[in-house]
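Try each task before you read its solution.

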Amino acid sequence: MPVPDFLQEPLTLYEIAEQYWDLRAYPTQYVFSLLALVSQDKLERDKCIELSSAAGQEEWLNYCRRPRRTILEVLHDFHKSTSKLTIDILFELFSTIKPRSFSIASSALFSNGVNFDLLVAVVKYNTKLKKPRLGLTSNWLKDLQVDDNVYGWIKNGTFKYPNEVS
Ligand SMILES: Cc1cc2nc3c(=O)[nH]c(=O)nc-3n(C[C@H](O)[C@H](O)[C@H](O)COP(=O)(O)OP(=O)(O)OC[C@H]3O[C@@H](n4cnc5c(N)ncnc54)[C@H](O)[C@@H]3O)c2cc1C
């Protein structure tokens, strides 16, 4: 995939936070070890140390993974520690948005391979948390307007017709 024009320019921290960091990612135990590192609040630091430890794995599953709590929600809960985060640590803390795959849902025969359709299921589900959980990409696609640009690339399929199987 060619590097899009906008990626050849320096980015502001705001642009990185808005467009590149996956703010809805589910925090790993490593995230809590980073928070513990900067925290000056005893209560929050002790909790972060517990959530990042091997012994605290069940606690981390209950707090993060099972309810699908996002990294932003965690930073909000641990706001005293969050206020001490440095730019270097922010880059450690956030992962970048990963590309998602979608299968071409239309035939290439009628568009000469120029246009294609995608059939995308919008991911929305509930956990024990009050706010519904929203799939990042499918909800972003849902809100696109006509003429918006979407960057992507085509991967070769692995499907073979019976007469192509060697
Ligand atoms: C080869 C390939 C082809 C694909 N083709 C298509 C396609 O044609 N159309 C299409 O719609 N998708 C397709 N997908 C899936 C697509 O890539 C995305 O994974 C999907 O759209 C969700 O992405 P998202 O960013 O919206 O959700 P994310 O933000 O990635 O969230 C998805 C995650 O939410 C969690 N989750 C979702 N539902 C629930 C639930 N009910 N309960 C608990 N947790 C849940 C799961 O952890 C899941 O991994 C394809 C995937 C692959 C690998």
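The exercises below look at a ligand site and then at a pair of helices in this predicted model.

**Exercise 1.** Describe the shell of residues around the ligand.

*Solution.* Start with the count: the ligand is surrounded by 15 residues, and the closest are S101, L119, L136, T137 and S138. Next, sort the shell by class, which gives eight nonpolar, five polar and two charged residues. Finally, look at where the shell comes from: helix 8 (residues 136-142) provides its largest share, three residues.

**Exercise 2.** Find polar atoms of the protein that lie within 3.5 Å of a ligand oxygen.

*Solution.* Begin at S138, where an N or O atom of the side chain is 2.5 Å from an oxygen atom of the ligand. Then move to T137: here a polar backbone atom sits 2.8 Å from a ligand oxygen.

**Exercise 3.** Are helix 3 and helix 4 roughly parallel or roughly perpendicular, and which residues meet?

*Solution.* First take the axes of helix 3 (residues 42-52) and helix 4 (residues 57-65), which come within 7 Å and cross at roughly 105 degrees. Angles of 65 to 115 degrees count as roughly perpendicular, so helix 3 is roughly perpendicular to helix 4. Now list the partners: K47, E50 and L51 in helix 3 meet E59, W60 and Y63 in helix 4. By class, the residues of this contact are three nonpolar and three charged, with no polar ones.

Note on methods: Residues numbered from 1 in each chain as written. Predicted model: local features only at pLDDT ≥ 70, side-chain atom pairs only at ≥ 80, totals over all residues. Heavy atoms only, no water. Near = heavy atom within 4 Å. Polar contact = N/O pair within 3.5 Å; in protein donor to acceptor, adjacent residues only side chain to side chain. Helix = DSSP H or I, 4+ residues; strand = E, 2+ residues; numbered from the N terminus. Nonpolar A, V, L, I, M, F, W, Y, C, P; charged D, E, K, R; others polar. Axes fitted to C-alpha atoms, helices over the stretch in contact; angles between N-to-C directions. Parallel < 35°, antiparallel > 145°, perpendicular 65-115°, else oblique. Contact = heavy atoms within 4.5 Å.
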